[in-house]
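Welcome! Take a moment to look over the sequence and the structure below, and then let us walk through them together.

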Amino acid sequence: MPRDTVTIQQADFDLSAEVAALRDGDAQVGAVAAFVGTVRDRSDGVEVSAMELEHYPGMTERAIESLIDEARRRFSVLGVRVIHRVGALLPRDQIVLVVVTSAHRHDAFQACEFLMDYLKTQAPFWKKETTPEGARWVDARQADDAALARWGLKMGNAA
């Protein structure tokens, strides 16, 4: 039975607690791969003092759940946990967590990376950075599209 959960929240998260919950009671788990993304203090060479994330409740969760379904089609995955924060964040704050369990490390690593590449380009989040010049919306980057393209998906988001 799939052990997948998606949570969009303002509150911070605890990596250890999330990994323990995903592994709990599943003796098939032989590998856990996790990615934690944090807010940087610079973007494109410009100082960033804060970031604000917005999303469409319901739509965002469904999009990420669909992404997890695609990861399951590609990799042997036992469980997936995705947490993405929204609201006001500061540099060094945790912003996203992706945890994947599988029987073997290769599937866990690949699925975790696939999920992050997709989240970075396709999940319906809108990011606004606060810089010394004022607030600016963050556009998709060509490097993010290239990362997604290596999985055979071409989106063309970057300006």
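## A word before we start

A residue counts as exposed when its relative accessible area is over 50%, and as buried when that value is under 20%. Please keep in mind that this is a predicted model.

## The overall picture

The protein has four helices and 10 strands.

Of the 159 residues in the protein, 42% are buried. The accessible surface amounts to about 8700 Å², and carbon and sulfur atoms contribute 49% of that surface.

## Two loop residues with positive phi

Most residues other than glycine have a negative phi. Asp44 has a positive phi, near 55°. You can find Asp44 in the loop that links strand E3 (42–43) with strand E4 (46–47). Is Asp44 buried or exposed? Its relative accessible area is 63%, so Asp44 is exposed.

Arg92 also has a positive phi, here near 80°. This residue sits in the loop between strand E7 (87–89) and strand E8 (94–102). With a relative accessible area of 76%, Arg92 is exposed.

## An open sheet

Which strands form the open sheet, and in what order? The order is E7-E5-E9-E10, and the pairing is antiparallel. E7 and strand E10 (134–137) are the edge strands, each pairing on one side only. On average, neighbouring strands in this sheet are turned by 25° against each other, with direction ignored.

Look next at strand E9 (residues 125–131), which is joined to E10 by four bridges, the two running antiparallel. For Glu129, the bridge partner in E10 is Arg136.

## The nonpolar cores

The largest nonpolar core has 30 residues, and those touching the most other members are Ile64, Val98, Val100, Leu115 and Leu119. Several elements supply at least two residues each, including E1, strand E2 (31–38), strand E5 (50–55), helix H2 (59–74) and strand E6 (79–85). Which element gives the most to this core? It is H3, with seven residues.

Setting aside neighbours within four places in sequence, Val98 is in contact with Ala33, Ala34, Phe35, Arg81, Val82, Cys112, Leu115, Met116 and Leu119. There is also a second, separate core of six residues, with Val19, Leu22, Ile83 and Val99 among them.

Ser102 lies in strand E8. The relative accessibility of Ser102 is 0%, so this residue counts as buried. A polar atom of the Ser102 side chain lies 2.5 Å from the backbone oxygen of His104. Not counting residues up to four places away in sequence, Ser102 touches Gln28, Val29, Gly30, Ala31, Ser76, Val77, Leu78, Asp107 and Ala108.

Gln9 belongs to strand E1 (residues 3–9). Which backbone oxygen lies 2.9 Å from a polar atom of the side chain of Gln9? That oxygen belongs to Ala11. Residues up to four places away in sequence left out, Gln9 touches Ile83, His84, Arg85 and Val86.

Technical notes. Residues numbered from 1 in each chain as written. Predicted model: local features only at pLDDT ≥ 70, side-chain atom pairs only at ≥ 80, totals over all residues. Heavy atoms only, no water. Buried < 20%, exposed > 50% of the residue type's maximum accessible area, 1.4 Å probe, protein only. Areas by Shrake-Rupley, 256 points an atom, 1.4 Å probe, with all protein chains shown as cover. Polar contact = N/O pair within 3.5 Å; in protein donor to acceptor, adjacent residues only side chain to side chain. Contact = heavy atoms within 4.5 Å. Pairing = 2+ DSSP bridges. Axes fitted to C-alpha atoms, helices over the stretch in contact; angles between N-to-C directions. Core = buried A, V, L, I, M, F, W, Y, C linked by side-chain atoms within 4.5 Å.
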